[in-house]
Amino acid sequence: MRQMMTYDLMEALRNTNQWLGATALSMSSYPIFSMVPNPAFQWMAAWGEVTERTFQRMVAKPDWGIDSITGEDGRDHLISIETVVERPFGDLIHFNVQGRDEMDRRVLLVAPMSGHYATLLRSTVRSLLPDCEVYITDWHNARDIPVSEGKFDVEDYTLYLVDFMRQLGSDLHVIAVCQPAPLTLAATAYLAEQDPEAQPRSLTLIGGPIDPDATPTDVTDFGRRVTMGQLEETMIQRVGFKYKGVGRMVYPGLLQLTSFVSMNADRHVKAFQDQILRVAKGQASDHDAHNRFYDEYLAVMDMPAEFYLSTVERVFKNREIAKNEFVVNGHKVDIGKITSVAVKTVEGSKDDISAPGQCVAALDLCTGLPASKKASHLEPGAGHYGIFAGKSWRNNIRPLVLDFIDANSAAPKQAESKVVNL
């Protein structure tokens, strides 16, 4: 009950701040105050507008906002989002480009379950759509999942990926972004042993903590500094009565957001001060750079407690993936069994979340894979976000990934002599 009260208290504080912002905006915008030549009312309205929007976005799932793309034929093609597999903790969805023949490149994007929605990869999806059939894992907010649906930990996550890959078939290329990289590697190895015919053609791992100790960061050091008991005591709460998942143990998104903001508090404070100034001067718009970024950044989701705790303990503390000791559903996964899936790693030289060295460690684990099917890329000057969604991704990394996909698109037996190392 204590954890549930804490959860509801956090939600109450969020709701109160949203209400204060709305109240300030409504009161200061009252027509009669336009007769008073005092800029205080204008500043109050600006503060209220920014504050209301900020706290409202924290509980809203962003829309994909991908309505159409321009095809090779020069025509605009509408996008419909279709659910391919529907599961309690996450769906497999497809961005169907209407009026276009199915593309030869079929890509599964594995989105992180790390506090933000899969829409964090919106620009990644948009950049791939003109050249690929794009599928993505759309994880659900744990607060909306009834307790009756049971637990969800790193093993369940891995088995979800196995099922999604089986559903899409072997003519598939998988791209895992950040946090899911280790579990996607494990899912691929699991298929290599249990169902070789369902293996994808290629696997691209972008900025993921395959071996967190290869190059320690503040994120990995945090996992070392605290005990599992301390994490469970300070980070885990029960969903309150407002949501369908009432009583479920979660790592709350609002708590995660507090950690995100505190890491760069000065920068965020200045960003909001500047936005209030722009609103007061009438220079802001609904879709300006500030709102586009923070509408996504502030939209957080709760993670199942079992997933969060098992990730910290098994991936970061015990390094089960890095040591090739990961167990799924009672079966010890051997990454060395990957012998036909081409593997590429992508890292950013200025990545302070998954520093260079953590992701490329995957190639050493693939002992059964020939050198011709291994590739790595270190993007100079790129931070964590830039390697999958920024300018570095669009201009440099995306073309390399597409070339890697093309080089490994044929069936494994046919491609053996054609694979190139990019």
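**Exercise 1.** What volume does the largest cavity have?

*Solution.* Before we start: this is a predicted model, where local features need pLDDT of at least 70, side-chain atom pairs count only at pLDDT 80 or more, and totals for chains, interfaces and linings use all residues. Residues are numbered from 1 along each chain as its sequence is written, and side-chain values use heavy atoms, leaving out hydrogens and water.

Step 1: A cavity is a set of points, on a 1 Å grid over the protein atoms alone, where a 1.4 Å probe fits but cannot get out. Its volume is the space filled by probe spheres set on the points, which are joined across faces, edges and corners.

Step 2: search the whole structure, and 2 cavities of 30 Å³ or more turn up.

Step 3: read off the largest cavity, at about 90 Å³.

**Exercise 2.** Find which helix gives the largest share of that cavity's lining.

*Solution.* Step 1: lining residues have an atom within 4 Å of a point; among them are Tyr 7, Met 10, Glu 11 and Arg 143.

Step 1: helices are DSSP runs (H or I, at least four residues), numbered from the N terminus. H1 (2–28) and H8 (253–263) each supply at least two lining residues.

Step 2: H1 takes the largest share, with 3 residues.

**Exercise 3.** Work out how H4 is oriented relative to H11.

Step 1: the axes of H4 (residues 154–168) and H11 (residues 305–317) come within 8 Å and cross at roughly 100°.

Step 2: H4 is therefore roughly perpendicular to H11 (65 to 115 degrees).

Key. 1 Å grid on protein atoms, 1.4 Å probe; cavity = no way out; pocket = protein on both sides within 12 Å on 5 of 7 lines; lining within 4 Å. Axes fitted to C-alpha atoms, helices over the stretch in contact; angles between N-to-C directions. Parallel < 35°, antiparallel > 145°, perpendicular 65-115°, else oblique.
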